Amino acid sequence: MQELVAVSGLVLIFGLSMWRNINMGAVALVVAFLLGVLYFGQTASDIASGFPGSLLITLLGVTYLFGMARANGTIDQIVGRAVGAVRGRVALVPWVFFILAAIITGSGALSAATNAILIPVGLAFAQRYRINPLLVGLCIINGTNAGGFSPSPSTTTSWTVSWIKSASPWIPDSSSSGLSSPTSLSTP
């Protein structure tokens with residue numbers, strides 16, 4: 001029965017967000033608190049402790065930074081110079097966007113923020129150079145994925161890796177030589 005209530009809450013979130021044109025995240029926060037407190041019997045502090053506040057601050061900061069870079073023309077200048085570096089070789093333009101997306105995401109920006117900034121610029125360049133926009137979009141998305149898996153110590157990457165390691169006892173510790181099972185967590 002609890003699963004049905006939770007799924008009904010999810011349907012309510014989608015329906016209310018589409019019907020009233022309200023931000024889905026804001027509606028989800030309200031529904032999570034209401035269902036958690038009123039139906040599931042949790043305290044407000046228990047629900048709030050599950051909210052990733054540090055991730056929210058990172059998202060807001062990166063979004064603000066890239067929004068400013070987009071507004072003052074920095075992103076357009078970087079992309080323009082990078083595309084100019086290929087000296088008219090149209091086949092290399094999608095690769096330029098792949099590399100830019102990988103560098104930006106690898107330096108700590110979230111994939112969604114990089115996509116939101118580069119995809120409109122990339123599609124404009126695709127139209128200008130008569131390149132398939134699907135190719136440019138895929139290069140940008142794959143570039144953000146490549147940058148997201150970079151070994152650089154970015155906030156998002158470090159948070160994701162530490163969360164995965166804490167969630168699974170099967171991931172080997174860097175000090176051990178093999179997989180450690182939940183029953184034998186000590187190293188010889």
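Residues 24 or more positions apart make up 51% of the contacts in the protein with a separation of 6 or more. The model is predicted.

**View 1. The protein holds nine helices and zero strands.** From the N terminus on, the elements run α-α-α-α-α-α-α-α-α. The protein has 188 residues, and 29% of them count as buried. Its accessible surface comes to about 12,500 Å². Carbon and sulfur atoms hold 68% of that surface.

**View 2. Serine 17 sits in helix α1.** This helix covers residues 2-20. The relative accessible area of serine 17 is 6%. Buried means under 20%, so serine 17 is buried.

**View 3. The side chain of serine 17 reaches a backbone oxygen.** That oxygen belongs to isoleucine 13. The distance is 2.8 Å.

**View 4. Serine 17 touches Ile22, Asn23, Met24 and Val27.** This list does not count residues up to four places away in sequence.

**View 5. Isoleucine 103 sits in helix α6.** Helix α6 spans residues 93-106. Isoleucine 103 has a relative accessibility of 53%. Exposed means over 50%, so isoleucine 103 counts as exposed.

**View 6. Isoleucine 103 and glycine 148 are 9.3 Å apart in space.** The distance runs from C-alpha to C-alpha. In sequence, isoleucine 103 and glycine 148 are 45 residues apart.

Conventions
Residues are numbered from 1 along each chain as its sequence is written. This is a predicted model: local features need pLDDT of at least 70, side-chain atom pairs count only at pLDDT 80 or more; totals for chains, interfaces and linings use all residues. Side-chain values use heavy atoms; hydrogens and water are left out. Helices (H or I, at least four residues) and strands (E, at least two) are DSSP runs, numbered from the N terminus. Buried means under 20% relative accessible area, exposed over 50%, partly exposed in between (1.4 Å probe, protein chains only). A polar contact is a pair of N or O atoms within 3.5 Å; within protein, one must be able to donate a hydrogen and the other to accept it, and residues adjacent in sequence count only if both atoms are side-chain atoms. Contact means heavy atoms within 4.5 Å. Accessible areas come from the Shrake-Rupley method with a 1.4 Å probe; for residues, only the protein chains shown count as cover.
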